Amino acid sequence: MQRSAYSVAVIGATGLVGQEIVTMLEQRLFPLSELRLYASLRSAGDEVRCGELTARVEPLDDRARLESTDIVFLAAGEKVTAEWLARSTAGGAVAIDTSQLFAGDPDVPVVVPEVNAADIAEYVTRHLIVSPDVPATALAVALKSLHEAARVM
């Protein structure tokens, strides 16, 4: 999926993880053609700026438009991932899940970009990539550095 700009949706956009995803998209100058933000009714209506785009937070309900999205970040926990994963990938989008719901699935790559970015290519079976939890990510980054320095086998 190589394009000049991508349509991105963030489910759980106003939670801590969702906010950080939006911040990283902006800081890393991710090429966005469209940003769709979804959260609970409590957060709906908020406006969020990301680079040159401003997006209104929409309620996560049956009106959520995911069909023409390239990448969907699922940042709202296992229950929401279980409910929304099929809808997220139905139109061909790649889903990146921050819950641990599919972490043990052999058809789903668990990716820490600083450690195993090449494994992202394995998303094709399920159109899904899992990001490990924060302690596992931190540990993987630290261990990779140690491994490269000492070649632990």
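## Basis of the description

Two strands are said to pair if DSSP finds at least two bridges between them. Helices (H or I, at least four residues) and strands (E, at least two) are DSSP runs, numbered from the N terminus. The model is predicted: local features need pLDDT of at least 70, side-chain atom pairs count only at pLDDT 80 or more, and totals for chains, interfaces and linings use all residues. Residues are numbered from 1 along each chain as its sequence is written, and side-chain values use heavy atoms, with hydrogens and water left out.

## Strand β5 and its neighbours

Strand β5 (residues 71-74) pairs with strand β1 (residues 6-11) in the parallel sense, over 4 bridges. Within this pairing, I71 of β5 is the bridge partner of V8. Strand β5 also pairs with strand β6 (residues 94-97), again in the parallel sense and over 4 bridges; here V72 stands opposite A95 of β6. Together with helix α2 (residues 78-89), β5 and β6 make a right-handed β-α-β unit. Right-handed denotes that, with the strands pointing away from the viewer, the path from the first strand over the helix to the second runs clockwise.

In a regular strand, side chains alternate between the two faces of the sheet. Both faces of β5 are covered: I71 and F73 are buried on one side, and V72 and L74 are buried on the other. Buried means under 20% relative accessible area, exposed means over 50%, and partly exposed lies in between (1.4 Å probe, protein chains only).

## Salt bridges

A salt bridge is a side-chain nitrogen of Lys or Arg within 4 Å of a carboxyl oxygen of Asp or Glu. By this rule, the model has 7 salt bridges. One of them joins the side chains of E34 and R36, at 3.0 Å from N to O. R36 is buried at 5% relative accessibility, whereas E34 is partly exposed at 26%. Both residues belong to a network of salt bridges that also includes R65.

R56 forms a salt bridge with E47, with the closest N and O atoms 2.9 Å apart. R56 is partly exposed, with a relative accessible area of 44%, and E47 is exposed, with 53%. In the salt bridge between R63 and D61, the closest N and O atoms are 2.6 Å apart. R63 is exposed at 64%, while D61 is partly exposed at 21%.

## The loop at L29

L29 is placed in the loop between α1 (16-27) and β2 (32-39). The residue is exposed, with a relative accessible area of 71%. L29 and G51 are 22 residues apart along the chain, and their C-alpha atoms are separated by 7.2 Å.
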